[in-house]
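Dear colleague,

Please find below the structure I wished to hand over to you. My notes on selected helices and loops follow.

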Amino acid sequence: MLKKHVPFLLLLIFSCTYEDNSMNPFLNEYETPFQIPPFEAIKFSHYEPAFIQGMKEHLEEIDVIANNTEAPTFENTIEALERSGKTLDKVSSVFFNLQGSNTDDDMDSLQRTVSPKLSSHNDSILLNKKLFMRIKEIYENKQSLSLSVEQARLVAETYKRFIRSGANLDQNSMDRLTEINSSLSSLSVQFDQNVLKETNSYSMVIDNEDDLDGLPDEEIRQAALLAESEGEIGKWVFKPTRVSMYPFLTYSTQRDLREELYNSYIQRGDNDNEFDNKKIIAEMIALRQEKASMLGFESHSDYVLDNSMAKTPENVNKLLQTVWEPGIEKAKGEVQAMQELISEEGANFQLAAWDWWHYSEKLRQEKFDFKEEEVKPYFSEEKVLEGAFDVANKLFGITFSERNDLPKYRENIRSFVVEDSDNKVIGIFYTDFTLRPNKGGGAWMSTFRSQSKFDGDVIPIVINVCNFPPENVDGVSLLSFEQVETLFHEFGHGLHGLLSNAQYPSLSGTSVTRDYVEFPSQMMENWAREPEVIKTFAKHYQTGEVISDELLDKISDAGTFNEGFATTEYVAAAHLDMAYHTDKNTITDIDKFEDQALKDLGLIDEIETRYRSTYFGHIFAGGYSSGYYSYLWTEVLEADAFEAFKDKGLFDKETADKLKKYVYSAGNTDDLMTQYVRFRGKEPEIEPLLKKRGLN
Ligand SMILES: [Zn+2]
């Protein structure tokens, strides 16, 4: 996943006391190495005044551009816009990053007040008529301006952003649009915070040791630590998070407890309490539909997809359907195999959703004689990260050197200076990998600063945030193979930010459409699946022994195992996202709508959608509405792209050079499909994806 703060964001009055701004780091030059935000000097009290000052400065800059008496030019309008809002960018990037990865009640509360204000601020710029008329004039005359390809792209993208924000509407509509955006912004913040609170508020406390039957020692130890942190000394606690729940669902022999924990997970936000998200969803869907209509689109999906590679809901649904059919067939086979196993064990019940992990793990062991716990000792977080660095070095010639003198926002975060083959520093890379209760769930990449060149070289500051298991008794964090893939995935986003070579910040790095942005990240996962690469980093954390070929074969053979389930739960969520955002009716009963949508698709009872609506943060809090399909869309690109390396060699120089030039360094400086074809020599085909998932 990728999280971005809004880089281009009316000033409303904050309640704030007098602050001496001369001491506010955000309002001064950063005098740190590489102008990294001086985290240690930043206090909570600095954010609010910096937001106020940042928005004020930004609006003053916009006023100067919009009221310029000279005729509009690329330099005095488009480029000037790129230059505007620096202070706001500084405070926003730090605030939103830390609110995501290291939050507290103060940060959460400020996010709730500041988000709608930033949304209004953003609108006051995007709906500024004078400014828009200047952009429009440049856009209409761009052929005669002798612009570079990237400059022409910047003009077109800027114009499109204003049009899509409603710059062409009449004043009444603009006012309504501003209201809608502000409401949507508050609602999504509320949604996200509700999910986090529901997740934290539930604990399954076990006080009878017998109820831990089947669980690996390490999981029991983690559960005891969790219990201790919650004041349940001598007991064990499991939480409705993937990190805590999945091992329990996989190994616990206590079916009733699996059911209890699983239900606590899938009921989050749907408990008819103060954290219920159903009303928020209904409001958001209605507001999104109203906004799309105002902007001339049939549905929110039509509006969103107009600015994507997929273009239309029909194209998205076609892709989902192509994968759904073989996926559900495979999943039904998986159900049957597990049901047989249940019978063989002499039990007499129908496989339920909370049984899936337990029985699929048993099948995996039976079929491949391979336990997830067997491979974990080979995947220490540190070694896997080194492996990822090594892949980047072999492909793109860059090196990562750890630096302990750079500013950090808390302990256990690592920082690296990234250099190209000429030893030129091209970026700063941070990792924040450790699971914490004040960190959002999942994994993501974000930036503290984007790369640009038009006003002198600005190097990017990139971060990967994950929720990897805490250290074991030996002080080592051990990853499952899925987590190894996650590390490589986020690292792929990281490289997209770090290798960026664009003139303008709004076109640099990951500033691409959502159904492209997961391409560079998913692409990187491919190397993590190649035995030749795994062997370079998969070393037993105690003995240093390299992972055996036998174990690697098992990982590889097991690669498409359970793929029916993986495909089905994913496509179900993507379908649900599309259903919400293409439906023309008013949706009031969220549970009923969800049930119907999944029934229409043909989802079976034994599988739950990967995200139920009430905790589907991607689409109600994360900017992926009508965009959850993107992972599959980009998987088509990635599977097709990796074929080139399979044909010519995993680190073939010519192929890697093209991949760097047209994908990882290119940002959004030119049409994305055009760039893909430059890299690959042809448009992508779907067969490699089906083959990869074992669905052909
Ligand atoms: Zn991602």
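At what angle do helix 1 and helix 4 pack, and how far apart are their axes? Please bear in mind that this is a predicted model. Helix 1 (residues 44-66) packs against helix 4 (residues 105-126) at an angle of about 0°, and their axes are 11 Å apart. Because angles under 35 degrees count as roughly parallel, the two helices are roughly parallel to each other. On the helix 1 side the contact is made by F44, Y47, E48, F51, M55 and I62, which meet D106, L110, V114, H121 and I125 of helix 4. Sorted by class, this contact comprises 8 nonpolar, 1 polar and 2 charged residues.

Helix 1 itself has 23 residues, and the distance from its first C-alpha to its last is 34 Å, close to the 33 Å expected at 1.5 Å a residue. Its buried residues are H46, Y47, P49, A50, F51, I52, G54, M55, H58, I62 and I65. These pack against helix 2 (74-83), helix 3 (86-101), helix 4 and helix 5 (129-140).

Which residues of helix 22 are buried? They are I590, F593, E594, A597 and L598. Viewed down the helix axis, these buried residues fall within an arc of 120°, so they line one face of helix 22. The exposed residues D591, K592, D595, Q596, K599 and D600 are on the other side. Helix 11 (278-294) and helix 21 (563-582) are among the elements that cover the buried residues of helix 22. Just after helix 22, G602 adopts a positive phi of about 100°.

Finally, two backbone angles in loops deserve a remark. Most residues other than glycine have a negative phi. S146, although not a glycine, has a positive phi of about 40°. S146 is located in the loop between helix 5 and helix 6 (149-164). With 9 other C-beta atoms within 10 Å, S146 is exposed, because a residue with 12 or fewer such neighbours is counted as exposed. N562 is likewise not a glycine, and its phi is positive, near 70°. This residue, N562, lies in the loop between helix 20 (549-557) and helix 21. N562 has 19 C-beta neighbours inside 10 Å and therefore counts as partly exposed, since 20 or more are required for a buried residue.

With kind regards

Key
Residues numbered from 1 in each chain as written. Predicted model: local features only at pLDDT ≥ 70, side-chain atom pairs only at ≥ 80, totals over all residues. Helix = DSSP H or I, 4+ residues; strand = E, 2+ residues; numbered from the N terminus. Arc of directions from axis to C-beta. Contact = placed C-beta atoms within 7 Å. Axes fitted to C-alpha atoms, helices over the stretch in contact; angles between N-to-C directions. Parallel < 35°, antiparallel > 145°, perpendicular 65-115°, else oblique. Nonpolar A, V, L, I, M, F, W, Y, C, P; charged D, E, K, R; others polar. Expected span 1.5 Å × (residues − 1).
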